[in-house]
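Please read them with the structure open.

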Amino acid sequence: MKFIIFTLIASSFFPPVNAQLDVDSLSVTQIQEDINFYFQTIKKWHPEYASSSAQSQLDSIRVNTLKECCRPMSITEFTKALYKTNKYFDGHTGISWDDLYPLEKKLPPFPAINMEDSLLLINGKQIISVNNIPATNLIELVNGATYKGMHPKIKIKKINTSMAPLLYLCYGIKSPFIIQYKNKEEIKTDTVFTRIPAQPQRKEREMTLPYYLDIYDKESIAVITYSTSAGKHETYLKDFCRLAFKDIIRKKIKYLFIDVTQNPGGNDGMHGYLYNYLLKKSYKFKIMESFSSYMFEKLVEEETQQYKENKKLTKKIANMKAYFYSHNNTYPQKRTYKSWIKGPKFKGKIFIIQSNHTYSAGADFCLYTKSMLKNNCTLVGEECGQYFPYAGNVVDAFLPNSHIQFRYATKITYDPDTYLKNGFLQPDIWYDVNKELELKDYINIIKK
């Protein structure tokens, strides 16, 4: 059954709060209403909380949050309390702290912070406090910047980039930091300055749109940078692929590299514009999708409304419901990939360059292209940052009283797992992609 995408519009009229975070104060009643609304919304729509055990766990988190927020609070304080619960959810669910993200770009990352066995470490030494703030409080806070299924390397990086902004937002503290730490059995104090880090090896091109093509004619190598699958760029990607592949095919390029190292995701449908020139036949996959009961019934309702004149639909809907409720709230779907245009296709060898920063639809592109083309597609780099299976079809909403923005997923897709290890997509060739790749790198990869 082909589902019609259902988008929640309730609560979407609430504006996000920015400048007045420290001005407004919330009553206990308003806070409790927001907390209940937040957790009930996730329980209602997110497929992970279909089982009674998962709902019980979510209720336990909600009760603990209510206990913590038992007094009037500023919106900043309340945002901090909710932000700490992000660690319990997937990367597409949780509190969006708008004021935090600009600070992550402005403030230098904290030096060499790590977390192991619920301890906060700096250069391998256990932190006791930062500016007299206990490490236990900081661990709770910085955990909000992480999420369930986060790649271990990205988790460490996120802890470092978010620590300084969180200290500034929540406590008004900036560098230098007074750190008390444990060195063997001795407690020591040191002053730490955060500095702007050296320029990363990998350069970011200043492009108005995130797709570009490099061709090395002599070596018969082409490199397409595919750095987002966001639907807002659909028209541009369509035209870009038409012109890029016209050039690639005309020059009879032998080796095509598609760089998705910085692709955070977007819409899987965007991949079709590349597949128009990469696929010579149709490929079909049977996948499983999971929904909450409430979401599933909404999808069925929309399907029924659209085809209400179809007499065969009643039996089809009954069979679909029977399957869904007898298979742990999952339903099979068919996914088809093929070229939708006539004309010549690329005939050479394909390399996809992936990284720990390849997520969501970007990781899907790697997984499905490899699943279809097999030996004619080589994945290069490091593990994708996206954990499989992952939740998607994200809805943005706002809490009724504080107007704090949050998001939640409404679907979990179970993709092919042939090329996964511990939930992460593996490369065929491990390669350092945390730098700007040059012609010599592409030649080296081809020779491997």
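1. N422 sits in the loop that links β21 (420-421) and β22 (424-425). The model is a predicted one, and in it N422 has a positive phi of about 55° without being a glycine. N422 is exposed, since its relative accessible area is 66% and the cut-off for exposed is over 50%.

2. N123 is another non-glycine residue with a positive phi, here near 55°. The loop between β5 (119-122) and β6 (125-130) holds N123. With a relative accessible area of 60%, N123 is exposed.

3. Two cis peptide bonds deserve a look. One runs from S175 to P176, with omega near 10°; P176 is in the loop between α6 (152-171) and β8 (177-183). The other joins F388 and P389, with omega about -5°, and P389 belongs to the loop between β16 (377-381) and β17 (390-392).

4. An open sheet of 6 strands has the order β10-β11-β12-β15-β16-β23, with mixed pairing. Its edge strands, β10 (211-216) and β23 (429-430), each pair on one side only. Helix α12 (residues 439-447) packs on this sheet and touches β10, β11 (221-226), β12 (255-259), β15, β16 and β23. The direction of α12 makes about 105° with that of β11.

5. Within the sheet, β15 (residues 349-354) and β16 run parallel and are joined by 5 bridges. I350 stands opposite C377 of β16.

6. The count of aromatic pairs is 29. In one of them, Y38 and F406 have ring centres 5.1 Å apart and planes at 90°, so the pair is edge-to-face. Y38 comes from helix α1 (residues 28-45) and F406 from strand β19 (residues 405-408), so this pair ties together parts that are 368 residues apart in sequence. Y38 is buried at 0% relative accessibility, and F406 is buried with a relative accessible area of 0%.

7. F39 and F89 form a tilted aromatic pair, 6.5 Å centre to centre with 50° between the planes. F39 lies in helix α1 and F89 in the loop between α3 (75-83) and β3 (94-95), so the pair connects parts 50 residues apart in sequence. F39 counts as buried at 2% relative accessibility, as does F89 at 1%.

8. Which residues form one aromatic cluster? They are Y211, Y226, Y236, F240, Y275, F285, Y337, F365 and Y368.

9. Two lysines lie over ring faces. K44 is over the face of Y294, at 4.2 Å from the ring centre. K349 is over the face of F351, at 5.8 Å from the ring centre.

How values were computed. Residues numbered from 1 in each chain as written. Predicted model: local features only at pLDDT ≥ 70, side-chain atom pairs only at ≥ 80, totals over all residues. Heavy atoms only, no water. Helix = DSSP H or I, 4+ residues; strand = E, 2+ residues; numbered from the N terminus. Buried < 20%, exposed > 50% of the residue type's maximum accessible area, 1.4 Å probe, protein only. Pairing = 2+ DSSP bridges. Contact = heavy atoms within 4.5 Å. Axes fitted to C-alpha atoms, helices over the stretch in contact; angles between N-to-C directions. Phe/Tyr/Trp six-rings, centres within 6.5 Å; stacked < 30°, edge-to-face > 60°. Lys NZ or Arg CZ within 6 Å of the ring centre and 35° of its normal.
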